[in-house]
Amino acid sequence: MRATFPESSPEEEPVQWCGFPAAEVEFGPAGELVGDRGAAVRELAGAPGVTDLVVLCHGWNDGHLVARLLCSALAGSMRSVGGAGRGIALVCVLWPSRKTAGPDAGLPERLDLLRDLVPGQRLTIDAAADLVPALPVRATARTAFAAALLSVATRGADDHEDASTQLFTLPGGTVMDRLGKAAATHLLDFLACYELKARANEVGVRGLAPLLATSPGGPKIHLVGHSFGARLVTAAAGALPAGSLATLTLLQAAFSHFGFAADWGGGRAGVFRRVLDERVVRGPILVTHSAADFVVGVPYAIAARIGDAPYGAMGHDGAQRTAEAVAAELVPVTGTYRWRPGVPHNLRAERFVRGHTDVTGREIAHALCSAIAAS
């Protein structure tokens, strides 16, 4: 099965990125199409000569400009390693992610971020903010602070893989005790990541997956996601029928390393296990991981204080407890790959990925183009 799109006829001239035909599609926080409502993507997918549609999704970057810069930088690297001229067209997915608070941000900045992520809960967040001065001296304030913040979270995205299920069932005082010193900071950081996770799920399932509804005859679809964008494209994959995708590439993915596991503990399968069991992806699944990426592990370090599982991020050590996963390395542009269809390839990437956003280099592009060619 390959994706096809309804016909459309926008009047604007086709866009080119580094020699590739390109288009953008924008989604709102609930996965609703905004802007041209996907018209440019539908036009691109039906363009003559387009055999492979590469859908690029940014992560936690704040604003569309940074997202476009990431997508165009990867496009430039793809061109430099010979990707142009292969019938490849590019789609940049824009969605309302947010940049999480940095290590130097204080509680006011973290509370502002949560207000932006759950705007309908501002009054409750304001009430929690009023308790901040009393947190060091009053246990009742700590309990009420945690209870208020936990009550504003978007439910439905909680799972055992990041301890969010446990978090939402614990009393507020217990949560603060387990989080220890700087408990308020840890809780706000975790909730910000949780809200981005919930939003990525919504956009993937309710937005991107329907746009990529499959039927015979269209271009092959390759999904590429960075950080929380990797969760978005994997959520979309999980909502598509078997054989819908040609490849799936996860660049420093900000979701659990148990995401593809058949049983990671207690008989629990990973939340995206269906992608493997039902062969949603016909070609290889690429998973870059780097121990030099400290950002991707933040919510899992916090989860370790809440629960009792070996939590970790896909972008830190690859797909774990996944028997099908192939151990490999991200190689130089002169190197070659041996891909296996339908299974994750854990590409150890410390040589070339030295930070969370270091995902647009020629080595990344070489791996992606190699997988596209193999599919």
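The lining of the second largest pocket divides into 15 nonpolar, five polar and six charged residues. Here Ala, Val, Leu, Ile, Met, Phe, Trp, Tyr, Cys and Pro count as nonpolar, Asp, Glu, Lys and Arg as charged, and the others, Gly among them, as polar. This is a predicted model: local features need pLDDT of at least 70, side-chain atom pairs count only at pLDDT 80 or more, and totals for chains, interfaces and linings use all residues. Residues are numbered from 1 along each chain as its sequence is written, and side-chain values use heavy atoms, with hydrogens and water left out.

**Second largest pocket**

- The second largest pocket has a volume of about 440 Å³.
- Of its 26 lining residues, Thr 100, Cys 193, Val 295, Val 298 and Pro 299 are the closest to the centre.
- A pocket is an open set of points, on a 1 Å grid over the protein atoms alone, with protein on both sides within 12 Å along at least five of seven lines; a cavity is a set of points where a 1.4 Å probe fits but cannot get out; lining residues have an atom within 4 Å of a point.
- Grid points are joined across faces, edges and corners, and a volume is the space filled by probe spheres set on the points.
- H8, helix H9 (228–238) and helix H11 (298–306) each supply at least two residues of this pocket's lining.
- H8 gives the largest share of that lining, seven residues.
- Helices (H or I, at least four residues) and strands (E, at least two) are DSSP runs, numbered from the N terminus.

**Cavities**

- The whole structure holds two cavities of 30 Å³ or more.
- The largest cavity has a volume of about 50 Å³.
- Its lining consists of Leu 56, Cys 57, Leu 70, Leu 74, Val 224, Gly 225, His 226 and Leu 251.
- By class, that lining has six nonpolar, two polar and no charged residues.
- Strand S4 (52–57), helix H2 (64–80) and strand S6 (220–226) each supply at least two of the lining residues.
- S6 gives the largest share, three residues.
- Asp 159, Glu 161, Asp 162, Lys 197, Arg 231, Ser 256, Val 271 and Tyr 300 line the second largest cavity.
- This second lining has five charged, two nonpolar and one polar residue.

- S6 is largely enclosed by the rest of the structure, because seven of its seven residues are buried (under 20% relative accessible area; exposed is over 50%, partly exposed in between; 1.4 Å probe, protein chains only).
- Lys 220, His 222, Val 224 and His 226 point one way from S6, and Ile 221, Leu 223 and Gly 225 point the other way.
- S4 and S6 pair in the parallel sense over six bridges; strands pair if DSSP finds at least two bridges between them.
- Val 54 stands opposite His 222 in this pairing.
- S6 also pairs with strand S7 (residues 247–251), parallel, over five bridges.
- Thr 247 in S7 is the bridge partner of His 222.

**Strand S2 and its partners**

- Strand S1 (residues 15–17) and strand S2 (residues 20–27) pair in the antiparallel sense over three bridges.
- Trp 17 stands opposite Phe 20.
- Two residues separate S1 and S2 in their hairpin, and Cys 18 in the turn has a positive phi of about 50°.
- S2 pairs with strand S5 (residues 88–94) in the parallel sense over five bridges.
- Ala 22 has Leu 90 in S5 as its bridge partner.
- S2 and strand S3 (residues 33–34) run antiparallel, joined by two bridges.
- Phe 27 has Leu 33 as its bridge partner.
- The hairpin of S2 and S3 has five residues between the strands, and Gly 31 takes a positive phi near 90°.

**Nonpolar cores**

- The largest nonpolar core has 96 residues, of which Leu 187, Leu 208 and Leu 223 touch the most other members.
- Helix H8 (residues 183–211) gives this core its largest share, 16 residues.
- Another core lies apart from it, with 35 residues, including Trp 17 and Cys 369.
- A nonpolar core is a set of buried Ala, Val, Leu, Ile, Met, Phe, Trp, Tyr and Cys residues joined through side-chain atoms within 4.5 Å.
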